[in-house]
Amino acid sequence: MLAVHGLSKRFGGLWAVRDCSLTVAQGSITGLIGPNGAGKTTLFHLISGFYRPDRGRVEFAGRDITGLPPHRLFHLGLYRTFQIPRVFPEMTVVENLMLVPAGQAGERLWTTLLRPRLVSRQERALRARAEEVLDFTGLSEVATSPAGALSGGQKKLLELARALMASPKLVLLDEPGAGVNPTLMKRLAARIRELALTFGVTVFLIEHDMDLVMGLCDPVIVMSEGRVLTQGSPEQVRADPRVIDAYLGGQYAVA
Amino acid sequence: METVVGILNYLVFFAITACVYSVLTLGLNVQWGYTGLFNIGVAGFYAVGAYTSALVSGPPPGTLDWRMFGGWGLPFPIGFLSAGVVAALLALLLGWITIRLKEDYLAIASIGIAEVIRLLIKNEAWLTNGVWGLKNIPSPLFHPVQSGVEVFLAAHPQLPPWLAQLARGAYNWVYLAGLLAVVGMLYWVLERGLRSPWGRVLRAIRDDERAAAAQGKNVAAFKLQAFVLGSGIMGLAGSLYAHYARYLSVEKFEPFYGTFIVWVMLVAGGSGNNRGAILGAFLVWGLWAGTDFLTEYLPLSDVQASALRVVLVGLLLIGVLLLRPRGVVGEQRFVSRLFKA
Ligand SMILES: Nc1ncnc2c1ncn2[C@@H]1O[C@H](COP(=O)(O)OP(=O)(O)OP(=O)(O)O)[C@@H](O)[C@H]1O
Ligand SMILES: [Mg+2]
């Protein structure tokens, strides 16, 4: 589904991602872990078109997507969320969701003006779908609040909710569980699993919460200093002394 | 009674100017209020619209006229629409070059183009009659209305003087009625266009461009649409001004009257809200006109008086923003309209 070949990105003198190669298999929930500053988020930015790689290639669904802008990748079925939530603060939560789906006729000004019935019909369907997603993520109560007024955890959920609205082929989730409370975390894990198993969405996710990663992901890829350190099943990774070393060097311990 | 009529006539004149400004603020609201585009060259698009309309609908070059081009005497509606189209084309060109770049570039380019246009108006006399200004721009329906008034006055010689005075000012009432209709229609179309998935994308871009791109929106294309639409509307405002004033000169398109005050109106009235944009135009123009009376009674030189007026407008803006940071009427929170018929 996704293949990254020798991807590199430099910030000044620092290689945030260096000669990184990995693949994500179709239908899998692949985890990406690594100490802070390992280059995980930068890798996501490179894959999703937010940064241009200095070197290397990205292939998605058998097609070279290196350097394509984010909005094009969205329409190819590649969706990404942000580690630090980027909601639309002045818009209501439900509008944040209704915005997402592709193929809205009302996004053309003249269609909006000349074919109000068509747009109205689509809007009602979108609203219904947004409400389902709100229900699932537990955001129904804040549906009509401005998204800027949400707590950090709620914004994180809104990021995930938008991913659900996008119905992508591959979704890159950057720390979906950060700041989300433990009860919700369980539901979140269940929903991500459902996304992969029932809807056939391939999931590639960064997470520091080891319980979530170990319970959900297979395989797990470990990054350190911009490169792939190792990869394997959760058990293999957990037992790998190099992984423990990398984390100890980076102040973290594998739970 | 005559003073009442005088005040009434003044109010009509005031409302006409405020309506023209409303059209400008509505245009700027599409760009800044909805999309976050920092256009600080409003005056440029306004001027382009005014001169386009004057050349398309105005009289041919006369003997004392330096102008050699234009003056095709076409009907007002054609001049009006050309004003919008030419301003929109200019925006398309400017936006095409700058909108993909960082946002500062649009600001710099827009203020730059406004200045270039001002200099062109001043110096290219073959086109604009330069500093002598464009004269005798026809007002739509002026002759029918005026001769109707003459006929009416001739038929009623016993009319009390105040009524005759009122009748003589009839044309301005007609123009105001037309303007109100234009503002009303524009408001309706914009509300419908903006409270829609299209407007939703614009607001998302305003809130966070990169996040909008992550939701699959072609940010540059939407920004360009908003920039072109807003500038086209500013061009229409230029036409509405030209055919009322009947005389165009470069001073009217200086940054203060053409850009700065429009921004004050939008921000004070309520950026992101079309009703706020219109309200702001009336409010700020009211204050501006009011300070004109005020400074007349103070022992000030002209320069001091106009400086004082600018300070007063600035104070109004600060006052509004302190009391109501989102303007007198802020953005509405839930604006996706489901077009429930
Ligand atoms: N825009 C940028 N400019 C300069 N340096 C950057 C930039 N973005 C990231 N870096 C640096 O690149 C390195 C990798 O950062 P990145 O955000 O990819 O790490 P990460 O693995 O996502 O870490 P975390 O787990 O803390 O989110 C870090 O040293 C970071 O400081
Ligand atoms: Mg990160």
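Author: Helices (H or I, at least four residues) and strands (E, at least two) are DSSP runs, numbered from the N terminus. This is a predicted model, in which local features need pLDDT of at least 70, side-chain atom pairs count only at pLDDT 80 or more, and totals for chains, interfaces and linings use all residues. Residues are numbered from 1 along each chain as its sequence is written, while chains are lettered from A and ligands numbered from 1 in the order in which they are written.

Reader: Which element supplies the largest share of the shell around ligand 1?

Author: A residue is near a molecule if its C-beta atom, placed from the backbone, lies within 6 Å of it. The residues around ligand 1 include G37(A), K40(A), T41(A) and Q83(A). At least two residues of this shell come from each of β2 (14-24) and α1 (40-47) of chain A. The largest share, three residues, is that of α1(A).

Reader: Which helix gives the most to the side of chain A that touches chain B?

Author: Two residues are in contact if their C-beta atoms, placed from the backbone, lie within 7 Å. The contact draws 34 residues from chain A and 27 residues from chain B. On the side of chain A, α2 (70-76), α3 (93-98), α4 (109-114) and α5 (116-137) each supply at least two residues. With six residues, the helix that gives the most is α5(A).

Reader: At what angle do the axes of α13 and α14 of chain B cross?

Author: Axes are lines fitted to C-alpha atoms, for helices over the stretch in contact, and angles run from 0 to 180 degrees between N-to-C directions. The axes of α13 (residues 274-296) and α14 (residues 302-323) of chain B come within 10 Å and cross at roughly 145°.
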